Amino acid sequence: MLLEVKNLRTEFKLKRGTVTAVDDISFTIDKGEILAIVGESGSGKSVTSLSIMGLLQKPGRVAGGEINFKSQDLNKMSQKELQKIRGNQISMIFQEPMTSLNPVWRIKDQIMENIMTHMNISKKDALARTVEMLDTVGIPSPAERANDYPHQMSGGMRQRVMTAMALSCDPELLIADEPTTALDVTIQAQILELLYRMREKFNMAVLLITHDLGVVSEAADRVIVMYCGKIVEEADVKSLFAQPLHPYTVGLLKSIPQIDDESDERLYMIKGMVPNPLNMPSGCSFSDRCDSCMDRCTKEVPKLQEINGHKVRCFLYEAKEGELNVK
Amino acid sequence: MPKDISTSSDKNSIQAAEYVEKPESQLKEMWATLRQNKAAVVGLFIIGMLTLIAVTVWVSELIGVQILPYDPNYSDMSKSFIWPNAEHWFGTDQLGRDMFSRILDGTKISLFVGVAAVAISLSIGVLLGSIAGYRGGRTDAFIMRVMDVMLAIPSILLAIAFMAALGKGLDKAVIAIGLVSIPEYARIVRGSILSVKENDYVQAAKVIGNGDSRIIFKHILPNIISLIVVRATLGVSSAVLDTAALGFLGLGVQPPFAEWGDMLGRARGFIFTAPYTLIFPGIAITITVLAFNLFGDGLRDALDPKSRIK
Amino acid sequence: MRKMKRIVALVLAVALVGISLTGCGSKTSSDAAPKANDTLIYAQGAEPRGLDPALVDDGESAKVMINIYEGLLKYAKDSTKVEPSLAKSWDVSPDGLTYTFHLQEGVKFHDGTDFDAEAVKFNIDRQIPPQVTEDMAYGSFVYGSVKSVEVVDKATVKINLTAPSTPFLNNLAMVMSAPMVSPKALKENNNNVNQAPVGTGPYKFVKWAKDENIVLVANDEYWGTKALTKNVIFKFIKDNSARVVALNNGEADMIDGIDATVVKQITDAGNKIFQAPGMNINYMAYNTSRAPFNDAKLRAAISKSINVPEMVESLYQGYSEPATSILPTFMEGYDKSISQIAYDSEASAKAIKEAGLTSVKIMTYTNPRPYNSATGQALAEAIQGYLSKVGVTATIDSYDWTTYKEKLKAGDYDICFYGWIGDNGDPDNFMYLLAHEDPTMNVALYKNEAFNKLIAKGIETPAGADRSAIYTELEKIAAADAAWLPISHAETLCAYRPNIKDFYFHMTGVTPFAGVSKQ
Amino acid sequence: MLRYIIKRILMLIPVLIGVSIIVFLIMRVFSPDPAPIVLGQHATQASVDAWRQANGLNDPIYLQYFNFITGAITGDLGTSYYTKAPVLKEIFSRFPATIELALLAILLASVFGILIGVISAVKKNSIFDNAGMFLALIGVSMPIFWLGILLIIFFSGTLHWLPSSGRIDPLLQPASVTGFYLIDSLISGDMYAFRDAFEHLILPASALAMYSMAIIARMTRSSMLETLQQDYIRTARAKGISEGRVIGKHALRNGLIPIVTVIGLQLGSLLGGAVLTETVFSWPGIGAYTVACILKSDFPVVQGVVLLIATVFVLVNLMVDVIYAFLDPRIKYSKKEV
């Protein structure tokens, strides 16, 4: 087990109240595994990743739980200790390649900074490694492009650069926060392909954060679906796509357009909107949007239960030990 | 910086575009945001007090009622340099005049010059900026070159030269200070107009066949008015400072008008023997300028779409 | 990036050095710098205009020039009587038209050239027609009566006048125009030694850092008693208070132009005060050419309403002395018996009421002047206060000095303010103002034939008791007629550090340093 | 880039012509007659007329302007009416003092302004932020000459820590090489002189710096607040570099771009502020001198000074644009943008 997140709770203290962005979530990632966290914006998936990295900015803070990376609780580490891990053993790729690179630094300087922060090597070697990494992520004539500034590159190129930077210190865990969202479809595929390749090559684990189930189906080994700060479903990719349990997951899957779907039916839409975090519905937070909402759903909060390795948080599946109870 | 201005005015103009029929709602919204800004409210309160003092003093002077403890210009040589006491709260100056009365009286001058100078630079600046921005081409180039030339001379030096040439006087100080800050307004207005000009509603107005001046005054200016209001508020504070500087150099308003800068200039020779003659006018200037700065900053924040979201 | 780092490092380094320097040096800054005992530092309020005696007219220049140059004659240490200087002795022809000067021999200019009769002729010729230029401010005043200069021999020079003029000898002791400049230097510097003065005096010019200081060094070849202190530095500190601070902090040894309000501060710091009488007059003038002040009685009534001593005391804080006469008290012709109209507010109010006078138009200037440090504006406002007590409303129009002079020509005022700086220490130099034709000189527009005749007589009368009596008489006429209200004689208040010996400030506004030493 | 610079320098010419026309009009057409001041208390109408004639003041105004311009082109700005010294000499003997003062002031203003701004932004809404911004607010609201006098009263008059006027103790005056006493004293190796010159600089430079520091601090704060929100800051943090490096190397480096513009503008306004500061501190620079010359109607000097200041102002703006391009690789000046 590489990373174990246990009962993580992250809060944002605002003037008008406290928002619990991540509410008691737990999951693990093994070496070499790709775990995807899926959810709409505001579901807490990005906050989860930032919590792991220790990059939450005020007014956000981790309010409870453990984040054990190789059996060490990152949450208890000082910023200094965290800095040694960040960019080194755990690194991250962000959603916005256009803005996530420092516009006034050359590409090579940005990557070299990462390398030289964590590796005790000479500038020359760091440069060589930078060029090598750029080559690895598929940037043509990397030695020359290393001298470019970000604005001289396209979005896809920049995301490759981000990837090169993230991988430059051979991380054991890569957190990719919506790495493809801002890119057009062909580039998306290239980047995912790249991630996949890198995972193979370096045997690193990837925490893939996305709202795009299409991306998940292509890349991930295991999937966590989040809604309003809670995990509502967790399963391996195959079983999730084959048999989604939570009404939310079902809704998400239904709302993906299928190329082979020839019916004239309108595309499904989950009704309503994500609730205001300061004004959550009582009971199950999905209750107000759920097609199968029951009385109980608005009164009690369902627990996450595991059924044959498939976890779900819904009263539709009343737990009986080890048995899948589909109504 | 320039980037900043253009983005904020872009957003501003987009918003303004929705309200083209009733631009005052923009001001209303500004006011609502402003009220939540404590500093701005304090600034506005001080400005209100100062205005009250100035108007009261001015009106009482007009109707011949003495409302100040002493006639601010009445000199009594037997009472020269009295330290602050119960009778003369701020002491007396060299000519035996009551400093407290003079400071209050000076409010009138500073506010008047500040506001009047801004009125001059504002009206001329807006006019020139509008013409330049709207007409473009050679007119624009010519006007903006002239503005560049004026900007290339430090404004205080220019104002000093104006005053030296025109001679002392309230009206002349207003003109000198007003003239030197025209370029600022012209530039802002021109920049905003350039960004507003291509908007659909302006184009539409053109298509309908509205005249140029009508388009400028009816369609363009109302939409950049909030920007101008902010600039003008901050402009008053710098005009008050400039007035004081001219007065300090002995080039301000014609005595015996009590003018804070002039009082400071005179006090300079007595900084060790009568430091109070130096302290109080300085504080008066600082408070006045501070008030307009607080208020202006508040206005700007209120205008800034980013802070409005909060 | 590395460049950035270096810049930041440099900035920080500079800031740190600065902070540490001030940090460790702050308390002791005044005594940390090496102070030389062979250097006198004199702080004055403005920079000299230049150092060519023919081309300047200001007192600040005079203070420096007196140490570099000498004229044929000089003033006595404590009066404006003339004494020999470069001229050992002189004879005046009985008709008063020819002056023969016998020169000191063996005197050399600082550039090594000889001072002789030729040099005298060169210096005077340069300032009389046809050579004189319009910007020689004092040429026509000092040498206006000179017809020609003849070199008799190397050590004798003869000056012919167009008309007898007793003040001429006084003129030759002036620091303006009269000092002898090296002809060689004048030739080399295009007839303008403002920046490169060469004289015969006890000090030589070294350098001039504009708006900062002028440095002089003792002239080892000096023909007379050599200077006691090797270097003299004139520092320019415009602000009065700052000058005081400089003295008390030891940045200057001597300062001038202070007022009485700071005297205590200066003496508390252990420094000393020197008070020099001033050769000037600060006055208020009535427009005698038109109603209402063509009436001498009404003029007197107004003068009565003003408490001159009180006003002078608070306006000038002891920097000026209330004037009881037009002439400064040390001048020939001054007599204790002269007095002006005394303050009597009640009598004044009564007389004014009878005359029906309710308002007057005052015109004044906004700048400080050497004889009126408080500005004409403050003076006018003070008078306005007194007038309001006797029921007269005064309106004040004030202008900057040059505009003011223009406005004076138009003559549209009832009362105006003016002043005069004595040039040569001769009483005629003051009294002739009331006889002058030019309206910017005679601002009271006073016309009195008897007075004018007496003035003409005074010029021709040789110095002595008879001549003094003439000026006393003139004073009395002026006081009785009340065309002017003499207000004050500005004094020069100087201060110096206790280790300075024998410092003095001459009433003509100069500071000879040859005899001053520092312990 | 070079082309751009040359083009901008050529654009100086119309600006200078415009400046000279404005100054010429103000001075020669509207200002009081210099003759009475030049000629002193014995001036008569005749001597005034003769002097005006000799100095070309009775010529038609366009002819006066033509003479001035032809002189200026050949590097002859005439001689001061008052001191009869060449204008260029008068100006350049005072110019280094002003530049030295302005440079130190802008250095102080930038260092402390950026420091305060960065701290305020990083510790937003903390006591540091509030204190810093209050100081900045006072800084932009206080008349500079008043601050100067207060500094003199406190540090010179009361504590006797620092000198109140002048540039240096005349006994320590270094041989003039550059005209900058800090540099000249270092060249001559005289540390006493260096310290003395520095002590003389502190008060006037602080007074002069206050306003600009306040402006820079405010600008830095808002610029940094914006920069710290940027995605690339998060990226930098994710790299595991220290927070100090994140702020100093990543945030500040980007935040500096608008700040440089402000600093450039402030350098221009410092030249104006120098007028008042120099007056208060008897600083032997060009600012106080110019005011004195304006009041004396010394036309040739005023014309010369204003031309010089305008040139400096335009060049500073150009310099800012060049630095801007250096700081922000996204900006490339092409001919089009001129």
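Is D:Ser297 buried or exposed, and how many C-beta neighbours does D:Ser297 have inside 10 Å? I counted 24 of them, so D:Ser297 goes down as buried. My cut-offs: a residue is buried if 20 or more other C-beta atoms lie within 10 Å of its own, exposed if 12 or fewer, and partly exposed in between, with C-beta atoms placed from the backbone.

**Ground rules**

I'm working on a predicted model, so local features need pLDDT of at least 70 and side-chain atom pairs count only at pLDDT 80 or more, while totals for chains, interfaces and linings use all residues. Residues are numbered from 1 along each chain as its sequence is written, and chains are lettered from A and ligands numbered from 1 in the order in which they are written.

**Two serines with positive phi**

I went back to D:Ser297 for its backbone: phi is positive, about 55°, although the residue is not a glycine. I found D:Ser297 in the loop between α13 (286-295) and α14 (299-327) of chain D.

A:Ser71 sits in the loop between β4 (60-69) and β5 (72-73) of chain A. Here I got 8 C-beta neighbours inside 10 Å, so A:Ser71 counts as exposed.

**Cis peptides in chain C**

I noted a cis peptide bond from C:Pro129 to C:Pro130, with omega near 5°. C:Pro130 is in the loop between α4 (117-125) and α5 (139-143) of chain C. Another cis bond joins C:Ala291 and C:Pro292, with omega about 0°. I placed C:Pro292 in the loop between β13 (280-286) and α10 (296-304) of chain C.

**Chain D on its own**

I counted 14 helices and 0 strands in chain D. The C-alpha trace of chain D spans about 85 × 60 × 40 Å along its principal axes. Of its 338 residues, 57% count as buried. I then took the chain D contacts between residues at least 6 apart in sequence, and 73% of them join residues at least 24 apart. By contact I mean two residues whose C-beta atoms, placed from the backbone, lie within 7 Å.

**Who touches whom**

Which chains share the most contacts? Of the 5 pairs of chains in contact, it is C and D. That contact takes 50 residues from chain D and 51 residues from chain C. On the chain D side, α10(D) gives the largest share, 6 residues. I sorted that side by class and got 25 nonpolar, 16 polar and 9 charged residues. My classes: Ala, Val, Leu, Ile, Met, Phe, Trp, Tyr, Cys and Pro are nonpolar, Asp, Glu, Lys and Arg are charged, and the others, Gly among them, are polar.

Chains A and B do not touch, and their nearest C-alpha atoms are 11 Å apart.

**Chain B**

Chain B has 13 helices and 0 strands. Buried residues make up 56% of its 310 residues.

I checked confidence next, using pLDDT (the predictor's confidence in each residue, from 0 to 100). Chain B averages 81, and 88% of the residues score at least 70. Where in chain B is confidence lowest? Helix α1 (residues 2-18) has the lowest mean, 35, whereas helix α4 (residues 99-135) has the highest, 92. Over residues 1-23 of chain B the pLDDT is below 50, and beyond near neighbours in sequence this stretch has 30 contacts in the model.

I also looked at where α4(B) meets α5(B). Among the residues meeting there are B:Leu128 and B:Ile131 in α4(B), and B:Ile143 and B:Met144 in α5(B). By class, this contact divides into 5 nonpolar, 3 polar and 2 charged residues.

**The core**

Last, I traced the largest nonpolar core, which has 458 residues. Such a core is a set of buried Ala, Val, Leu, Ile, Met, Phe, Trp, Tyr and Cys residues joined through C-beta atoms within 7 Å. B:Ile160 and D:Ala105 touch the most other members. Helix α10 (residues 191-228) of chain D gives the most to this core, 21 residues. Leaving out residues up to four places away in sequence, B:Ile160 touches B:Leu246, B:Leu249 and B:Leu251, plus D:Val291 and D:Ile294.

Conventions:
Helices (H or I, at least four residues) and strands (E, at least two) are DSSP runs, numbered from the N terminus.
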